[in-house]
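Here is a short briefing on the salt bridges of one protein model. Take a look at the structure first.

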Amino acid sequence: MRMIAYGLLTVILSSFLIVPMVELAIVYREKIVLDSAVRNASRVAKDRALEYEHMRNLDAVMDEERFKDYFAETFEDAMNMSRSSSVGNTLRFTSDDGKFLPFTITLDFFEEDDGRQVSKVTIRAEADYKFKTALMRTAERLNPNVNYELSTERTYILSVRN
């Protein structure tokens, strides 16, 4: 009888170790999904936002509003989200399927002119993480310091080469 009790105790204690590891794997997967969505959305926005008439002179002049619109549209499609608000260079998205908590994306645009014009954009996406396992959701309810934030930051340099 003692061996059965030890076996049950081992199973219960190991679940407290395995469940956070499973949650960690899910977090890494979602970070990869977020990073991929930001990369793809910025690639599409970069291709569509460069003004072609300036490209003849090898200047990378970017229309910021077109960049934001194309970025938001592609990010919405990749993450199954809808744009809830857009104030200045800050975009907010809400999840259509409830998989993610609301995302905030900040776009910072810079232009350099050293003989030819080069545009830079820094994209920062962040949201609180929504725990998937019951044990971690319970831990988050009991202790508000357990929260975790999904975030990624990328800087893209837009230039034209001959």
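**Salt bridges in a predicted model**

Arg39 is partly exposed, at 39% relative accessibility. The model is predicted. Its salt bridges come to a count of 9.

- Arg39 forms a salt bridge with Asp35, and their closest N and O atoms are 3.0 Å apart.
- Helix α1 (residues 2-49) holds both Asp35 and Arg39.
- Asp35 and Arg39 sit 4 residues apart, about one turn of the helix.
- Asp35 has a relative accessible area of 16%. Asp35 therefore counts as buried, since the cut-off is under 20%.

**A helix-to-strand pair**
- Asp69 and Arg83 form a salt bridge, with 3.9 Å between the closest N and O atoms.
- Asp69 lies in helix α3 (residues 64-79) and Arg83 in strand β1 (residues 81-87), so the pair ties together parts that are 14 residues apart in sequence.
- Arg83 is partly exposed at 32% relative accessibility, and Asp69 is partly exposed at 39%.

**A strand-to-strand pair**
- Glu153 and Arg124 meet through their side chains in a salt bridge of 3.6 Å, N to O.
- Arg124 belongs to strand β4 (residues 117-128) and Glu153 to strand β5 (residues 149-158), so the pair ties together parts that are 29 residues apart in sequence.
- Arg124 has a relative accessible area of 28% and is partly exposed. Glu153 is partly exposed as well, at 45%.

Terms used
Residues numbered from 1 in each chain as written. Predicted model: local features only at pLDDT ≥ 70, side-chain atom pairs only at ≥ 80, totals over all residues. Heavy atoms only, no water. Salt bridge = Lys/Arg side-chain N within 4 Å of Asp/Glu carboxyl O. Helix = DSSP H or I, 4+ residues; strand = E, 2+ residues; numbered from the N terminus. Buried < 20%, exposed > 50% of the residue type's maximum accessible area, 1.4 Å probe, protein only.
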